[in-house]
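Subject: Structure for you to look at

Hello,

Here is the structure I said I would pass on. Please open it beside this email and follow along; my notes come after it.

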Amino acid sequence: MSASAVRALPGPGVGIVGGGLLGLSVGYKLAGRGVPVTVYEASGQLGGLAGTTDLGGYEVDRYYHALTLTDTRVIETARELGLEDEIRWRRLGVGFFHDGRLASMSTPKELLSFPGLRARDRARLGVFAARCRTISDQDKLDAQPVEEWVRKTAGDALWERLWRPLLDSKFDGRYDDLPATFLWSRTKRSAATRDKAGHEVMGWIRGGHQRLVDALGVAIRERGGEVLLNTPVRHVPSVAGRAQGVVIDSGFRAHDQVVTTLLRPHMSNLLSEELEATLPPDPNRYLGVVCLVARVRRSVSPYYALNITDRSIPLTSVVETTHVVDPEHVGGHLIYVPRYVRPESEDLERPTDEIKREYLAEVSRMFPEFRPRDVIASQVARARYAEPVHRVGVHRRLPELAPAPGLVVASSAHVYPEVVHAHSIMGVAERTTDAVLDRLEVVEPQREAA
């Protein structure tokens, strides 16, 4: 397909359901190829899970986000949008809360001193990390349960002391159906984020990921597209098995192609019956998240991220993003206290004041010098379906992008085996854009006579 090709469309272009990072990235790429696009966002703000929230008069990320040196898609897009100079890179520390105490694990050398391990098991940990970096074929790992693989590869002690409690924390107690690829891909990513001295390096776009998504929205409009806020899509109708466009509150709008970026649980009643029938059963289960974010007067943790392997603490992590984010930009120090939960968890419904009180009490247990009175402002964000969980042994791992004529279905469920983050989401956007372009008529521009 020629890079100079233009799209001659029989109708009004492409409708994109969802103004998160995925939908905006697709719209940006399509508009750059001359495709008329309309992005429909149900809320009054772009970004979805990547967006910001007002916390006592300061705009902060609703959920925590950071860049790594390997997030080349994000870095390149920021450069295209004129935001490259707005990225700040910093070295940072990573720690564990294990057996009631803090342990720094900021370098590979410190990781090999993980508390409670014998010398032999620490050596096995180093070999395990090195092996993950050299494995390139994921097929065998895909069909192997993570526990079976870790016990065989690294030994029982590492499983019981390190990986089992970490997975228990991350997956709300259910990790029996995880493939080995989960731990393999995350170990590889962790190694790739370190500098030559072994320190982890992360970056922040001044203004957060919201700055990036807002710039994508502006660029789409500058390229002739539409970005509509407060415009939920109610239905995607079809005729003879082909998607026709979208139904919004003001009526029907025709599109040659419709791209939905919603996770399957959010697509209930969105598609016509015949379009719905083209989708295979959803192979994934999902994690929700409850995340307390607080502006505090002084730093709480010496680490950017604190992994919790002490299961007497019912939290997933404590993340102090102001080890990367400029504190003056957010009016203090920012801590995020997430707990990943099953979609049926009662924490998704409990009163906010209860969540704040209990989560902050757990922070005080880990950091005795922290006092709740140090909190300037706080709030709780919740998402019942935040992250897909790919299960072991599923034959068709990634859902089909183009299940029916006129319809493209893309979401974070198409991220595998990578971690779900901005870089991998933009990888899905690239594949989605290609799928849309393959369906549109290509007309080579006429060469002007010499």
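N269 is exposed, with a relative accessible area of 66%. The model is a predicted one, and in it N269 has a positive phi of about 65° although this residue is not a glycine. You will find N269 in the loop between β16 (257–260) and α10 (273–276).

D99 is another residue to check for its backbone. Its phi is positive, near 55°, and D99 is a residue other than glycine. D99 sits in the loop that runs between β8 (94–98) and β9 (101–104).

There is also a cis peptide bond, which joins Y416 and P417, with omega at about 0°. P417 belongs to the loop between β22 (407–409) and α13.

Next, helix α1. This helix covers residues 21–32, twelve residues in number. From its first C-alpha to its last it reaches 16 Å, close to the 16 Å expected at 1.5 Å a residue. Just after α1 comes G34, with a positive phi of about 85°.

Is α1 mostly covered or mostly open? It is mostly covered: ten of its twelve residues are buried. The buried residues are L21, L22, G23, L24, S25, V26, G27, Y28, L30 and A31. What covers them includes the strands β2 (14–17) and β3 (37–40), together with the helices α2 (72–80), α9 (209–222) and α13 (422–439).

One of those neighbours, α9, packs against α1 at an angle of about 30°, and the two axes are 9 Å apart. The crossing of α1 and α9 is left-handed. On the α1 side the contact uses L21, L24, S25, G27 and Y28, and these meet L212, V213, L216, G217, A219 and I220 in α9. By type, the residues of this contact are eight nonpolar, three polar and no charged.

From α6 the contact takes V146, E147, V150, R151 and A154, and from α7 it takes D156, L158, W159, E160, W163 and L167. Which types of residue make up this contact of α6 with α7? There are seven nonpolar residues, no polar ones and four charged ones.

Last, the nonpolar cores. The largest has 52 residues, and those with the most contacts inside it are F128, W149, V150, L162, W163, L167 and L178. Helix α7 (residues 156–170) gives the most to this core, with six residues.

Leaving out residues up to four places away in sequence, W163 touches L125, F128, V150, L158, L183 and T187. Of these, F128 and V150 are also listed with W163 among the residues with the most contacts inside the largest core.

Regards

How values were computed. Residues numbered from 1 in each chain as written. Predicted model: local features only at pLDDT ≥ 70, side-chain atom pairs only at ≥ 80, totals over all residues. Heavy atoms only, no water. Core = buried A, V, L, I, M, F, W, Y, C linked by side-chain atoms within 4.5 Å. Buried < 20%, exposed > 50% of the residue type's maximum accessible area, 1.4 Å probe, protein only. Helix = DSSP H or I, 4+ residues; strand = E, 2+ residues; numbered from the N terminus. Contact = heavy atoms within 4.5 Å. Expected span 1.5 Å × (residues − 1). Nonpolar A, V, L, I, M, F, W, Y, C, P; charged D, E, K, R; others polar. Axes fitted to C-alpha atoms, helices over the stretch in contact; angles between N-to-C directions. Left-handed = near helix turned anticlockwise from the far one by under 90°.
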